[in-house]
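My notes follow the order in which I looked.

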Amino acid sequence: MNTKTNQFRHRKKIIIEPEIVNHVNYKLLIEMGLILWTVLFSSGLLRFMGIALILVTFQFNYILNWIEELQLKNCHSVKDLALRMIVCYQIKNLLVEEAEKERALWNLAVNGRILIPFVNVYIAYENHRFKGKVEIELTHTFTQMLSDDLFVNQLNSALQNVAEGLRAKSHEFNKTGNSVIFELEDTTIDDQIEISSVNNLINVGGGGVVLDASHEFDWNKIHHGIVSGVTGAGKSTLIEYMVANAMLNDYEIVIIDPKQSDLSLIKNSRKVKVAWECEDIMKLLEDTLAEMKEVQRSYHQNPEGKLKQHLIVIDELAALKAMVNKEQQKRLDEIMKQIALLGRQLKFHLLLGMQQANANNVPTEIREQMGLRVLLGNSTEAARKFLFPDDDIQVESENKLGQGILSINGSVAEKFQAPLIKVNLIELINEKLLKVK
């Protein structure tokens, strides 16, 4: 390496003998404890004694390495210092463990020893979020390992021990080629909105639907949607939220609920039609299709006429298909296909809900019409590939209530947090229906 540009050259190398490699953790932990005690919990003579003990216990050059690695010149708080120490410890611990696993590396070590790369930690906690980067020195022993995607996954696992949501999103070589830099991001979501009253719901409605502080959609632009999520992920609550928004914005609504969940508790009225028995479901869908075709004829005769908004909700689609016979399954797919294709212009919006999104439940030609695609909970790779076939998904949904990934009108899939609902949406909808003459 070029000595003029190698920022690591002046530092004293940490050398760990194979037979004492496991002891590196104790050395790092003791050092961290001494430094934190000196900075946080001591003053005057005690602080002086702490500094003296650090210098005696660890070589002065080693302490200078820590000052370099923790980037103290750019450290603005004790909290950031503690955070950087913990991150540095986790990364060095990971490097030692990985070197120990790769027995072939012993032949590359000097005199049977491992030379642990230097680590620069630039990380801070500002505005309730983590940000920063980690820079790891490239050595002959570790170069290939640091460039491996497997190491990135292991690094992310180590970072999770520091803070939930802290991840390395990308890595690249620095300009001089003597280190690799991992950019860190905070993947926790703090954009959740709260619905605690009818007024909240009306305010965030406004003709569209707000999902969180960063994501909203308008049915007239996305046309149709699909919500998939495992049991307990919040799928039904999110669908109820969309139905309540539609109700407050004067939509005419059709609800298909074969499992007779909370949606089946919504009262039938002039504005809302609900069905859960197999024969009633098929009849209601046929009636809805006939109504849409009548609207189409009227629209052709008077293109300037105002069209009413319709929302057709089919929850637990897989369960519905299991209830009906093969002939009815075929007819069900045909009805959904016609609504998906013709409803775009006629303001008939289709919303599908299910636990597992796949081609058996949703034919590909129907999926392609879905402008909103939501995947909640800890989903499978197959489900992600089905809903987001054109995306190289870099984020994964998590098994947390209401948290998932979404795409709006073909956008790259992103994390989002469904609204926190503190009102009974079914009661709210039924109260609204009582006022409808």
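Predicted model: local features only at pLDDT ≥ 70, side-chain atom pairs only at ≥ 80, totals over all residues.

Below are my entries, from the whole chain down to single residues.

Residues are numbered from 1 along each chain as its sequence is written, and side-chain values use heavy atoms, with hydrogens and water left out.

**Whole chain.** I started with secondary structure and got 15 helices and 18 strands. These are DSSP runs numbered from the N terminus, with helices being H or I of at least four residues and strands E of at least two. Next I checked burial: 50% of the 437 residues count as buried. Buried is under 20% relative accessible area, exposed is over 50%, and partly exposed is in between (1.4 Å probe, protein chains only).

I then looked up the surface, and the protein exposes about 21800 Å², with carbon and sulfur atoms supplying 51% of that. The areas come from the Shrake-Rupley method with a 1.4 Å probe; for residues, only the protein chains shown count as cover. For contacts (heavy atoms within 4.5 Å), I took those between residues at least 6 apart in sequence, and 68% of them join residues at least 24 apart.

**Salt bridges.** How many salt bridges does the whole structure have? My search found eleven, taking a side-chain nitrogen of Lys or Arg within 4 Å of a carboxyl oxygen of Asp or Glu.

- Lys422 and Glu194 pair at 3.4 Å, N to O. This one links distant parts of the chain, 228 residues apart: Lys422 is in the loop between β18 (420–421) and α15 (425–434), and Glu194 is in strand β7 (residues 194–195). Glu194 is partly exposed, at 42% relative accessibility.
- Arg297 and Glu294 pair at 2.7 Å, N to O. They sit three residues apart in helix α10 (residues 278–301), so about one helical turn separates them. I get partly exposed for both ends, with Arg297 at 48% and Glu294 at 41%.
- Asp333 and Lys321 also meet, at 2.7 Å, N to O. Asp333 belongs to helix α12 (residues 326–346) and Lys321 to helix α11 (residues 317–323), and the two are twelve residues apart. Asp333 is partly exposed at 22%, whereas Lys321 is buried at 7%.
- Salt bridges that share partners tie Lys235, Lys259, Asp315 and Glu316 into one network.

**Helix packing.** How do α10 and α12 cross? Their axes come within 10 Å, at roughly 30°. That angle makes α10 roughly parallel to α12, since angles under 35 degrees count as roughly parallel, over 145 as roughly antiparallel, 65 to 115 as roughly perpendicular and the rest as oblique. The axes are lines fitted to C-alpha atoms, for helices over the stretch in contact, and angles run from 0 to 180 degrees between N-to-C directions.

I also looked up the handedness: α10 passes α12 in a left-handed crossing. Left-handed means the near helix is turned anticlockwise from the far one by less than a right angle, right-handed that it is turned clockwise.

**Positive phi.** Most residues other than glycine have a negative phi, so I went looking for exceptions. Glu316 has a positive phi of about 55° without being a glycine. Glu316 lies in the loop between β13 (310–314) and α11 and is buried, at 10% relative accessible area. Asn409 has a positive phi too, about 50°. Asn409 is in the loop between β16 (403–408) and β17 (414–417), and at 46% it counts as partly exposed.

**Two buried residues.** Where is Asn361? I find Asn361 in the loop between β14 (348–354) and α13 (364–367), buried at 10%. Beyond residues up to four places away in sequence, Asn361 touches Leu317, Ala318, Lys321, Met336, Met354 and Gln356.

Last, Ser228 lies in strand β10 (residues 225–229) and is buried, with 1% relative accessible area. Leaving aside neighbours within four places in sequence, the contacts of Ser228 include Lys235, Met354, Gln356, Val374 and Leu387.
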